[in-house]
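Please keep the sequence and the model in view while reading.

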Amino acid sequence: MKRQKATGDRAERELVSSDLIERCKDGDEQAWKELVEATHRDVYTLCLRILGNPADAQEATQDVFLKVWRNLSSFRGEAMFSTWLYRVASNTAISKHRKRKRQRVNESGVDDEVLAQIPSPGSVESAAGAKVEVERLEEALALLPEGLREAVVLRDVYGLNIAEIAAEQKISETAAKVRVHRGRKKLKEIMFPEKPGTETEERT
Amino acid sequence: MRCEEVQEALPAHVKDGSDSLTVRRHLARCPDCKAELARYESLMGGLRILQTTSVPVPPGLFDRLLEIPARSSRLDSARDHVVRHRKVYVGGGIAVALAGAAGAALWRSKVRHPATA
């Protein structure tokens, strides 16, 4: 259901016509420029959200477009181009993650020093239930442990369902569900830290 | 149902809904848990907005992406070159191996010949 909605959103934003894709397949450089111009921001953004740092995201974006260029001839147009592109991008970013095996923040907790760099909540939480600032949310996402971040980004930003996330992350559906659950919880803790004096680090 | 249990259920409840009547009943009468649910709801709203927003792209990336077709064809032709050479080398290798085998057979027959004579 949510996946449908997300796909619908993408349909409204479909900026690449089938004509443009055909011209790219023919090796038209101007067409390639138009395709890159229309899509590279979204691809870079997705890579950054999954990978959490600009250097890796840039590298992943280049890998994505190299794959797009090489595999464009196999794109038949049954799926929407943007859906295919998002799939290539999330695949590429997630495999890059797996290769790196970076030991930044482990899944047991968020790094306190990094947490301290986040501005205090200020007026983010209103009496009625709060607005969240998009910039802060991006920063908070970057602080999540990578497995949790991938799961939350794919589920709650890009609308993939649990089965799709499990397939992307090569884990069981139960594990994917747990990651989404823990990721949302952790993100909530970062965005709405407990007030001093009411420390409840892990309530479970 | 205790607040801790309800709040543990909220990350799933906020998006996928909850069939648990006890959770819903608790939420209806507990302001703390209701406020916690509101935080999760605002978080979900923010994440949905992210899908339609993009971040600034680092300078230079766009140009590097434009170079991909040329770079890719250079890589492809280099790979073709290697593949062609590999055929030559594999052919040469086989020839060397055959020559070696023939030489060895000749040597063995020469060694055997005086012994049997």
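A:Lys188 forms a salt bridge with B:Glu36, and the closest N and O atoms of this pair are 2.5 Å apart. A salt bridge here is a side-chain nitrogen of Lys or Arg within 4 Å of a carboxyl oxygen of Asp or Glu. Between chain A and chain B the count is 2 salt bridges. The model is predicted: local features need pLDDT of at least 70, side-chain atom pairs count only at pLDDT 80 or more, and totals for chains, interfaces and linings use all residues. Residues are numbered from 1 along each chain as its sequence is written, chains are lettered from A and ligands numbered from 1 in the order in which they are written, and side-chain values use heavy atoms, with hydrogens and water left out.

The interface can also be described by its contacts. In total, 46 residues of chain A are in contact (heavy atoms within 4.5 Å) with 40 residues of chain B. The size of an interface is often given as the accessible area lost when the parts come together. Between chain A and chain B this buried area (the accessible area, with a 1.4 Å probe, that two parts lose on being put together, summed over both) is about 4200 Å², of which carbon and sulfur atoms give 64%. A:Gln62, A:Arg184 and A:Lys188 supply 14% of the area that chain A buries against chain B, more than any other three residues.

Which helices of chain A each supply at least two residues of the side that touches chain B? They are helix H1 (2-12), H3, H4, helix H7 (134-143), helix H8 (146-157) and helix H10 (173-191). Helices are DSSP runs (H or I, at least four residues), as strands are (E, at least two), and both are numbered from the N terminus. The largest share, 11 residues, comes from H3(A).

Chain B itself has 5 helices and 0 strands.

Within chain A, helix H2 (residues 18-25) has A:Leu20, A:Ile21 and A:Cys24 as its buried residues. Why do they lie on the same side of H2(A)? They do so because they cover an arc of only 100° around the axis, the arc being that of the directions from the helix axis to the C-beta atoms. An α-helix has 3.6 residues a turn, so residues three or four places apart point the same way. The buried residues of H2(A) pack against helix H3 (29-51), helix H4 (54-71) and helix H5 (81-100) of chain A. Just after H2(A), A:Gly27 takes a positive phi of about 85°.

Helix H4 of chain A also holds A:Ala60. Is A:Ala60 buried or exposed? With a relative accessible area of 0%, A:Ala60 is buried. Not counting residues up to four places away in sequence, A:Ala60 touches A:Cys47, A:Leu51, A:Thr92 and A:Lys96. The C-alpha atoms of A:Ala60 and A:Ile94 are separated by 9.4 Å, and these residues are 34 apart along the chain.

A:Lys170 is found in the loop between helix H9 (162-169) and H10 of chain A. At 64% relative accessibility, A:Lys170 counts as exposed. Most residues other than glycine have a negative phi. A:Lys170 has a positive phi of about 55° although it is not a glycine.

Definitions and conventions:
Buried means under 20% relative accessible area, exposed over 50%, partly exposed in between (1.4 Å probe, protein chains only).
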